[in-house]
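Hi,

Could you open the structure below and keep it on screen while you read? I've written up what turned up in it, one region at a time.

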Amino acid sequence: MKEKKLNGTVIVTYRCNARCSMCNRYKAPSSPDEEITIEAIKKLPKMYFTNITGGEPFIRTDLKEIVRELYKKSDRIVISTNGFFTDRIVDLCKEFPNIGIRISIEGLEETNNDIRGLDDGYNRGYETLKKLREMGMKDVGFGMTVQDQNAKDLVPLYEISDQMGMEFATASLHNSFYFVEAKNIIKDRPMVAENFEKLINELLKSKSPKKWMRAYFNHGLINYIYGQKRLLPCDMSFDTFFIDPYGDVMPCNGTKDKEVMGNINKQSWDELWNSPEAESVRKKVRCCDRDCWMIGSVSPAMHKYIWVPATWVIWHKFKSLFMKKPYSMYESKIVRDYRDGKVSKEELDKCSTCDMNAIIKDGLSEASKAQLLGKTGEEIVDADIAEQMKG
Ligand code: SF4
């Protein structure tokens, strides 16, 4: 029988040098000596898609060896990065020109630097992307997490990426142990939705079927920020997994607390994937009501239930034959209901995962927590990078 390939995300580190306003992971780094090893990576199954993420993955000086291993077992690899370590990224891409690189840029220069808190972050990210393009890398692009502060930059940033012939991936605010955050929420939903609407119409105008599918994804983001049920079922943990720096295998990165199916350092892949713990996580996923809409959980669903986005695309492409603006955010009942005063902001806020009273979990091991006694995560990581730069 043909071996079934999975979709995997490998969180190689929780160390991060950015200071994003919507993610507190930089305050809760993993301790380098506990982070996932090459030996553990060798035990992972075959994958049709692998995302390597962090923290900031390029903080790991052995990332090249990790990619070398994952390259043997993955049809496609995409690395999510803040783009700060330009030389390391360029060096890696020289060896692996077929991998994908997504650099998180949160808007035009001022907005990006404000949200990300990285010195000259916009220019560094942009220059890194330009260099990769000049090297002939095909699968490179921006990743933007849309919120009140940067929504107005959504279309201008898309236009820049389009002119550079790059991919443009979007997300919106989420809350979870992974982001060490429970208080993220969109305040002005109609304003943010309007900017998504403009982007969707731009994407529909293009000649690229991939961009039309992206238009559907962004339509799902409007639905998400209004706190509605996901447009597609969530099948995380069935043929998709996340693995954290400690080797814990999880269904996704959207849960409030860390959900563990097994540990690759202690078990073989088959053992953990078929364990009773994995089954009980799958049961929880079946009734999960967090309704995330992040590319990691939506992309597999869009492939699996392809007729849903395909029908949406065909309908809107058909409309574009007669209309300049084939998509309207008011196609969604909830957007109309809010406009018409049938539902209040407070009611929508209650539908979100934002919990102002939550005790925020970080999923750190005891040893990683111990290093935070008397030092902040920022101090630990800054000292760590300063030491690496000396070498
Ligand atoms: S909706 Fe899916 S991706 Fe989100 S927390 Fe639940 S299981 Fe995870």
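First, some housekeeping. This is a predicted model, so local features need pLDDT of at least 70 and side-chain atom pairs count only at pLDDT 80 or more, while totals for chains, interfaces and linings use all residues. Residues are numbered from 1 along each chain as its sequence is written.

**The sheet**

A quick word on names: helices (H or I, at least four residues) and strands (E, at least two) are DSSP runs, numbered from the N terminus. Two strands pair if DSSP finds at least two bridges between them. Strands of a sheet pair through backbone hydrogen bonds, either parallel or antiparallel.

What is the order of the nine strands in the open sheet? The order is S6-S5-S4-S3-S2-S1-S7-S8-S9, with mixed pairing. Strand S6 (167–172) and strand S9 (262–263) stand at the edges with a single partner strand each, so one side of each has no neighbour in the sheet.

Now look at strand S1 (residues 6–11). S1 is joined to S2 by six bridges, and the two run parallel; Leu6 has Met47 as its bridge partner in S2. S1 also runs parallel to strand S7 (residues 240–243), joined by four bridges, and there Asn7 is partnered with Thr240.

Carry on from strand S2 (residues 47–53) to strand S3 (residues 77–81): these two pair in the parallel sense over three bridges, with Asn51 opposite Val78. Val78 also stands opposite Gly100 in S4, where S3 and S4 make a parallel pair over four bridges.

**Two covered strands**

For burial, count the other C-beta atoms (placed from the backbone) within 10 Å of a residue's own: 20 or more is buried, 12 or fewer is exposed, and anything in between is partly exposed. In a regular strand the side chains alternate between the two faces of the sheet.

How many of the six residues of S1 are buried? Six of the six are. Leu6, Gly8 and Val10 sit on one side, Asn7, Thr9 and Ile11 on the other, and all are buried, which leaves both faces covered. S4 is mostly covered too, with five of its five residues buried. From S4, Gly100, Arg102 and Ser104 point one way and Ile101 and Ile103 the other.

In helix H3 (residues 86–95), Ile89, Leu92 and Cys93 are buried. Viewed down the axis of H3, its buried residues lie within an arc of 100° (taken from the directions from the helix axis to the C-beta atoms), so they line one face of the helix. The face turned away from that buried side has the exposed residues Asp87, Lys94 and Glu95.

What covers the buried residues of H3? The cover includes helix H2 (63–73), S3, S4 and H5, where contact means that the C-beta atoms of two residues, placed from the backbone, lie within 7 Å. Helix H5 (residues 121–134) lies across strand S4 (100–104) and strand S5 (140–146), running at about 160° to S4. For that angle, axes are lines fitted to C-alpha atoms (for helices over the stretch in contact), and angles run from 0 to 180 degrees between N-to-C directions.

Most residues other than glycine have a negative phi, and most peptide bonds are trans. Here are some exceptions.

- The peptide bond from Gly54 to Gly55 is cis, with omega near 20°; Gly55 is in the loop between S2 and H2.
- Val180 has a positive phi, near 50°, and lies in the loop between S6 and helix H7 (189–205). Val180 counts as buried because 20 C-beta neighbours lie inside 10 Å.
- Ser237 has a positive phi as well, near 85°, in the loop between helix H8 (209–225) and S7. Ser237 counts as buried because of its 24 C-beta neighbours inside 10 Å.

**The ligand**

Which residues surround the ligand? Among them are Cys234, Met236, Pro251, Cys252, Arg290 and Asp291; a residue is near a molecule if its C-beta atom, placed from the backbone, lies within 6 Å of it. By class, the shell has seven nonpolar, three polar and two charged residues. Ala, Val, Leu, Ile, Met, Phe, Trp, Tyr, Cys and Pro count as nonpolar, Asp, Glu, Lys and Arg as charged, and the others, Gly among them, as polar.

Cheers
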